[in-house]
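Got the viewer open and a selection tool to hand? Let's take a walk through this one, stop by stop.

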Amino acid sequence: MKPVAFAAGIVAIVAMAAVAAAGAAPTTPEALALGKQVFEKQCTPCHGADGRGDGPAAYLLYPRPRNFRTGKFRLVSTWDGVPTDDDLFRTISRGMPGSAMPAWGYLPEDTRWALVAYVKSLAESPLVVKPASEPASEGSQGSGLISVPTEPAYDDQAKARAAELFRDGCASCHGASGHGDGATDQRDEADYPIRPRDLTTGVFNGSPEPQDLYRRIVAGMPGTPMPMSEWAYGPDAWHLTHFIRSLSSDDQRARAEMRRFTIPVTRVAALPDHPDAGVWARTPVVNLHLMPLWWRYDRPEELSVRALHDGTEIALQLVWTDATHDATAMRPQDFRDAAAIELSGTPDPPFFAMGQKNQFVNIWMWKSERQADLEPAFQDLEKVYPNLGIDSYPNVSKSPLEQPSRHALTLDFNPTFVTAWGAGNIVANPLRTSAAEDLVAQGFGTLRARPEMNQAVSATGVYGTDSYRVIFRRELVAKGEGAVTLQPGSSVPVAFAVWNGAAGDRDGKKSVTIWQELKIDP
């Protein structure tokens, strides 16, 4: 980092401490109890029961969940690297785009403040924010909350100064054009690999609002290679703030944040049976924001959802971009594209990823290779391995002369000898007539297919012009246990997931939404 002049304008600094520190976590036993209750439900799957960042989902997540015991946090607005209560509240409310930390802004405000109080209580040493004081001299550090000077104009002179500052102080990591392509072989304090942010994508771990970004430039991100930049304190940090924000748009920054939307389910006389049916163009669309659980930039940013019902059935159309059509998963290096809808069985939904014990979620999953199996026939291994040697099993419904001795296909076998098919595993059934699976889960590792007689979801997907369009249909009234009845006039929590086979997505490696609201017309 190159120290720069401590600008004369520093005398014009206007303390914003009162604004930034407007919130304070409650300290009552009731608040801590509420925070603990919510933490156990919503946070332990990633952060672990004791807040050590070792929950059952932690191994699926990159970056890793925070270990709250250490009292070390990335997003701080102080000179001392200690988060204020507002820092924690903002992180809980907004989540951390660029990681798997979702936004919890839809929880009641007092609940989020209670979570702040409980998270603070997990630290092995108290989190103490010192009284605020300004740096005593050029290039030195202050104490407590970083005050933000009055915002200067971003005129031509300021732009030239910002470009100079970025080149000298930031480009070595973030690259000359801000694409995060400077020094990329970096590690955090726990020795996990970490890359500089691509500032042109609009993905900011912390709030991109000007004052928050100003403080982050000065304070750095503790535990990462992003250092404190006390040398920029004053107008220079404002110039850098303006420069960095100019590398992305408001729309990009908005799409990077997880938000909760209401999806209207419009009542119509008749439902479409194809994802490209014209009625979808006249149906309200909601663009949901997706978050990869294993972070990467080449992610599907949005999932467009439309929904209709006719009083008996519901139909949902899902549309998302995907540059490749991955419709087989037979080779070890192949992974399929897929999409899923998750419905909560209760108005107060469980943890959004796979539900939790005694609180099931019903999952409708469409897979591209299941779709390909229907068009025109089941894809056998011979499709990708034409010279494959295939064992031939007896089929008592045919004479020996009718049974092939070479190139026997799965459909020629007696299901008894194709063990998963014979045991009734719907995934292994080559005679299936739908590209959808009707599933149920009550937490990680519990996902299973609902009984075949209760498989009630149908789905059809098409691929073209670098996008998928998939339609799911099911009767509103649920069939059997582990399914959710959808009542006209009601609202149901719903979440979504998308898998990109070309990116190696499978199982828990996927892009997801948080809980949304499905509002069904009477």
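Is Met354 buried or exposed? Select it and see: Met354 is buried, at a relative accessible area of 14% (buried is under 20% relative accessible area, exposed over 50%, partly exposed in between, with a 1.4 Å probe and protein chains only).

Before moving on, some housekeeping. This is a predicted model, in which local features need pLDDT of at least 70 and side-chain atom pairs count only at pLDDT 80 or more, while totals for chains, interfaces and linings use all residues. Residues are numbered from 1 along each chain as its sequence is written, and side-chain values use heavy atoms, with hydrogens and water left out.

**Zoom out**

Show the whole chain as a cartoon. The C-alpha trace spans about 95 × 50 × 45 Å along its principal axes. Of the 522 residues, 51% count as buried. Now think about contacts, meaning heavy atoms within 4.5 Å: among those in the chain with a separation of 6 or more, 65% are between residues 24 or more positions apart.

Most residues other than glycine have a negative phi, and most peptide bonds are trans.

Next, pick Asp507, in the loop between strand E14 (491-499) and strand E15 (511-512). Asp507 is not a glycine either, yet has a positive phi of about 50°. With 65% relative accessibility, Asp507 counts as exposed, whereas Met354 is buried.

Then jump to Tyr62 and Pro63, joined by a cis peptide bond with omega about 0°. Pro63 belongs to the loop between helix H2 (29-47) and H3.

**Two helix pairs**

Carry on to H3 (residues 85-94) and colour H4 (109-122) alongside. Their axes are 9 Å apart and they pack at an angle of about 120° (axes are lines fitted to C-alpha atoms, for helices over the stretch in contact, and angles run from 0 to 180 degrees between N-to-C directions). That makes H3 oblique to H4, given that angles under 35 degrees count as roughly parallel, over 145 as roughly antiparallel, 65 to 115 as roughly perpendicular and the rest as oblique. On the H3 side, show Leu88, Phe89 and Ile92, among others; on the H4 side, the partners include Trp113, Leu115 and Val116.

Now select helix H7 (residues 210-219) with helix H8 (residues 235-246), which pack at about 115° with axes 9 Å apart.

**Last stop: Ser143**

Finish in the loop between helix H4 and helix H5 (156-169), where you'll find Ser143. Ser143 is buried, with a relative accessible area of 14%. What does its side chain reach at 3.4 Å? Draw the distance to the backbone oxygen of Pro131. Leaving aside neighbours within four places in sequence, Ser143 is in contact with Trp79, Asp80, Lys130, Pro131, Ala132 and Ser133.

Definitions and conventions: Helices (H or I, at least four residues) and strands (E, at least two) are DSSP runs, numbered from the N terminus. A polar contact is a pair of N or O atoms within 3.5 Å; within protein, one must be able to donate a hydrogen and the other to accept it, and residues adjacent in sequence count only if both atoms are side-chain atoms.
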